[in-house]
Amino acid sequence: METLINKFKKAAPKAALLMAVAAGSALQGCSNTDGRNAGSTAEGVASDAASAVYVAPGKHDELYSFLSGGFNGQVSVYGLPSGRLLKIIPVFTQHGENGYGYSEESKAMLMTSHGFVPWDDLHHPKLSRTDGQTDGRWLFVNGNNTPRVARIDLTTFETVEVMELPNSAGNHCSPYPTNNNEYVIAGTRFSVPLDMKGGTNDVSLDKYEEEFRGSISFIKVDKDKGDMDLDFQILVPGFDYDLANGGKGPSEDWVFFTTYNTEKAGTLKEVGASQNDRDYLAAVNWKLAAKYAAEGKAREMPANYYHNKMDKDTHIAKSTVKKKVRYLLPEECPGMMYLLPAPKSPHGIDVDPSGEYMVVSGKLASAIPVFSFAMMQDAIKNKKFDGEKNGIPVLQYESVLKGEVKEPGLGPLHTEFDGKGNAYTSMFVSSEIVKWKLNDLSVVDRMPVYYSVGHLMIPGGDTKEPHGKYLVAMNKITKDRYLPTGPELAHSAQLIDISGEKMKMLLDFPTVAEPHYAQAIPAEKVAPNSVKFYKLDENKHPHAVKKEADVSVVRESKNRVRVKMTAIRSHMTPDNIEGIQVGDTVYFHVTNLEQDWDVPHGFAVMGANNAETLIMPGATQTLTWVPKKTGVFPFYCTDFCSALHQEMQGYIRVSPKGSDVPISFSTGKKKQNIPGVASAH
Amino acid sequence: MKIYQKVLMVVAALSLGLLFVFPMWKIYLKAPQYPEGLELHIWVNKLGGSSESVLQNFNILNHYIGMEPIHAESFAELKFMPYIVIAFMVTGVLVGLIGRKKLVLGWSGMLMVAGAAGILDFYLWLVKFGTNLDPKAAIKVPGMTYIPPLLGNKQLLNFEALSLPALGSLGIFLAISLSLVVYYFSLKNKTVTRGVSSGKVLV
């Protein structure tokens, strides 16, 4: 570590020189592409970087960060500033590690109208809010591929709810909570030919322009419990709705969506959707929309979508199939929706902490337009319209534009704010973070990142009061940043200190899968509420057994056996089971009797075609097993629980179909001095 | 006895009530895996601890060395001790009301005997749990017994055990010392207020 610091110290003056040269010539951030490899390590790295990110053993990080897992369908939790991985939370993807999506209790979480969908592409985590600030209660995330929105409970760090969205395809523009979680809003990236019966029409793909429509879903969130409910949708023109963000303060009632493919191309979109010099920023007054919906403007159509919820007492997920959805048409709801012209296929839309400025990052544009909410209000009032599109008024570009950030870099994607009047924009093509001032839109600093940054995140940087100390850049390309691991490389996040005038590079940390967006929150808003274990007394699982004397193995029908068993350090009860037959469906309901912190038990049985299941203290989980051959099959605890963990194992005897071996089960040969052991059979 | 002495005697009797508000004794366990520590609280009428499930957690740890599980039901003392304490409180108040110094001394002496018996009983339980180990225990260290300390600390394998009286014991301590103070001052009464009390003394 010492030598590393010395290296940094030696390199720092050189780096500063390089920066000065780069800054002098850098009209566009791409100017310093050559020679980057040589100087890249030291460039911009703070001389005190090591101590700035050092969290001593046994000490806790200052912040939790939640990075989306992209195509792994999970959320990963990292501590900041250390960049240490704390947990992977499975959301849309089966997780053999703990049985999520495999156990009988959790399977329903992954049910959709398309059947069981055990994977998705998770892009955007968004923390729940109170008064426009993160409140540390829930994390909402989107499933892009099979449109879903999920909710993670931050007391348990577990997925507790998954809501499928009808009339959507490519749920990318999602999920955006309003300032008090009144709604979580989700737009469709892929427009589709809606059949108005909850599905899509079997139409010729030439009919894009006439038949395809998009939708924006308004999911109501229960104030206390967080439970979601799809209140209504707005059916919108058949563009691609890319990203969204809600207003704050004066713009609190509004939510803004970037759109592209306003050309309505149905094929080779990379060309077809890149023809218009300007697409739109769609502004929707969600409060007015909710009012319209409440006042009977909403129509209803048949639908078919799943709502999956984990019961907190039984830990069993249940699916409800919803059969209708209400919708609004913007052309029937005056004042609800406006279109603001925005340069060429805009990607990110970010609203500054004051709620006055809407920053639109046009990935193909050469400047970053900054819209003014006050000007937008004025333009609406004075009808400064530039025609309309599908009955939605289009505002005049100049009438809503505060100004443009000139020559910011190449490929602007996303912007976040530090709460001190500065904005930071990620530049995908020129691979840098650009800091600029909100008041005069002048660029004041640049920081190269490695390589091709997508989203960036400032803790609370999308809220009314950003935390403003760090910035995390999530890069799409890693190349030489870490030790190579074959063709598939780690993904790269970089931590930057933004507390001073100049950005300082602090840390590279590799991440799993591909983080798109992330959120972060001061640890003190979450850590004190973290659940240590579940209370056995409150376990309402129908097959829970709360003491060893109550365990049972019962043949319920010809081919079905139910084993209600327990696990406690360091044995399972029963651990000898006989009378199982080939082809039986055997349900192992394992209750973890522990009532102490950090004592999960795992359960795995040889030949199981699913996974293991990990049972938290006080909880019950169910693994299903269908033995295919006769013999004796061991099972055991998979989570190293105690000094005698290796002994925590048992056997099941499987006899041929129709065998007369009776069901019997036991643990231990005689009464021993082991808490609660009941020699039963 | 003077009024203040009577009052003090009643206070002495009532201070035993602390036994129903606080534990008598606490055993603290600390190990590398238990940075938060484990506490077993011994009350006059129940067993408790740093968490609801502390007994289960104690027993899980103890079963590896073959110690018998600890259950509140195993201790008859927890059932009758509260009555003894209440009896002492009632008699103490009566002694205060009657105000005879010999009764004060007698009450005090009996309470000391009862307290000593309690500590002896506690020690015998510790010895019983610490030495009466299952021969089939998973962990057997030759010559090792696991008698927790009665007072002070002791290393038991990976656990450092610390045993200390708790606030409930303060009730007993107060009861004994206050009643002795009452007795001491009432001895002085005799010399100062001879005239008044001599009649009674003669009787």
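**Fold and sheet of chain B**

Of the contacts in chain B with a separation of 6 or more, 66% join residues 24 or more positions apart (contact: C-beta atoms, placed from the backbone, within 7 Å). The model is predicted, so local features need pLDDT of at least 70 and side-chain atom pairs count only at pLDDT 80 or more, while totals for chains, interfaces and linings use all residues. Residues are numbered from 1 along each chain as its sequence is written, and chains are lettered from A and ligands numbered from 1 in the order in which they are written.

Chain B contains six helices and five strands, arranged along the sequence as α-β-β-β-α-α-α-β-β-α-α (DSSP runs numbered from the N terminus: helices H or I of at least four residues, strands E of at least two). The C-alpha atoms of chain B occupy a box of roughly 75 × 30 × 25 Å along the principal axes. Buried residues account for 28% of its 203 residues (buried: 20 or more other C-beta atoms, placed from the backbone, within 10 Å of the residue's own).

The five strands of chain B form an open antiparallel sheet in the order β3-β2-β1-β5-β4 (pairing: at least two DSSP bridges between two strands). Because β3 (47-49) and β4 (152-156) of chain B stand at the edges with a single partner strand each, one side of each has no neighbour in the sheet. The twist averages 20° from one strand to the next (axes are lines fitted to C-alpha atoms, for helices over the stretch in contact; angles run from 0 to 180 degrees between N-to-C directions). Five bridges link β4(B) in the antiparallel sense to β5 (residues 159-165) of chain B, and Q155(B) lies opposite E160(B) in β5(B).

Key: Buried ≥ 20, exposed ≤ 12 C-beta atoms within 10 Å, placed from the backbone. Contact = placed C-beta atoms within 7 Å.
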